[in-house]
Amino acid sequence: MYNTIKKYISCFSVTGSEKYLADVIAEDMAPYADSITTDPMGNLICFKKGKDSSKRMMFAAHMDEIGFVVTYIEKNGYIRVSNVGGINAVASSSHEVEFINGTKGVLIFESGATEYNVKKLYVDIGAKDRKDAEKKVHVGDYLALTQNIVRLGNRRIAGKAMDDRLGCAVIAEAAKLIKTPAYDTYFVFTTQEEVGLRGSKAAANAILPLYGIACDVTPTYDTIGSQGGEVALGGGAAIKVKDSSVICSKKVVDRLAELAEKNKIKYQYEVLLAGGTDTASMQVAGAGCYAGCISVPCRYVHQPVETIDLKDCEASVKLFAAIAEEGFE
Ligand SMILES: [Zn+2]
């Protein structure tokens, strides 16, 4: 699990540039899928035939991470950027960044800034002026924060883009455990989630699942100053009840809890006050589907030190494998 997460996080995969990661996941999924395809939005769709082909189940985890795009280059060679997705400007500042072509830089607030938002940030790539900078970077190039994974104790790790490489790793690891799924099952690694659940909308409308279950991270309420919920790191797989994009189908929530009890998988319920997931796209695709989400608890979401517990990941893998094998009947 740890190695899969590490491998996926090392791929450049800012929203809209998910192809590098898609290629890596496709290689991992190849032994466990009957077919692997991509669509024009870049979604990676891995299909596995089930016992009952009259029903379709879709699993979704998004490949993209929040990042930046170059908006313009100052005369003195400093690079201005805009956010792609919900960037925390303060948490991202004074940090190393990497452009899609491998160029390195550092992300810095303007000297004397009194507002701390993305407009006040710039990237220094060591260029002497605009002409020099343009040899390496142009307007429209994407860039991501870089951050090594740090192990915290035995089972916890911190790093960037756990949201949602973790979900990708959970679904890919679950695929290894599933012999024959109850229904025809689509493991979908989606694009452009961070800007409005876009890839999953296209994929869900093509697949038209009867059951749709996403895997994403969810914030915890066990840190200093956080309040408003109960999800805790180490508390097990979090069965989503609602977030601001979706009210999960009771049928899915109850079935996931039942399977967790039966298979002795540690779980908790998640009520997320703000934020959406690919669950919402699946729920309203076609004539609608029974939709839910197995969330993985994560501290410091959308900061470069997103912190997770490997035991929660393992619980989530087992719960995905259980719902895939045992279905809803
Ligand atoms: Zn996410």
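Which residue lies over the face of Tyr 290, at 4.7 Å from the ring centre? It is Lys 251, where a charge sits over a ring if NZ of Lys or CZ of Arg is within 6 Å of the ring centre and within 35 degrees of the ring normal. Before I go on, a word on the basis: this is a predicted model, in which local features need pLDDT of at least 70 and side-chain atom pairs count only at pLDDT 80 or more, while totals for chains, interfaces and linings use all residues. Residues are numbered from 1 along each chain as its sequence is written, and side-chain values use heavy atoms, with hydrogens and water left out.

A second contact of this kind involves Arg 151, whose charged end sits over the ring of Tyr 2, 4.3 Å from its centre.

Let me turn to the aromatic rings. Tyr 290 belongs to one aromatic cluster together with Tyr 183, Tyr 211 and Phe 328. Rings of Phe, Tyr and Trp (its six-membered ring) pair if their centres lie within 6.5 Å, and planes under 30 degrees apart count as stacked, over 60 as edge-to-face and the rest as tilted. By this rule there are nine aromatic pairs. In one of them, Phe 109 and Tyr 116, the ring centres are 5.0 Å apart and the planes stand at 90 degrees, so the pair is edge-to-face. Tyr 183 and Tyr 211, by contrast, have ring centres 5.3 Å apart and planes at 25 degrees, so that pair is stacked. The latter pair links distant parts of the chain, with Tyr 183 in strand E12 (residues 183–190) and Tyr 211 in strand E13 (residues 211–219), 28 residues apart; strands here are DSSP runs of at least two residues, numbered from the N terminus. Both Tyr 183 and Tyr 211 are buried, meaning under 20% relative accessible area, with exposed set at over 50% and partly exposed in between (1.4 Å probe, protein chains only).

Strand E12 also holds Val 188, which at 0% relative accessibility counts as buried.

Note on methods: Helices (H or I, at least four residues) and strands (E, at least two) are DSSP runs, numbered from the N terminus.
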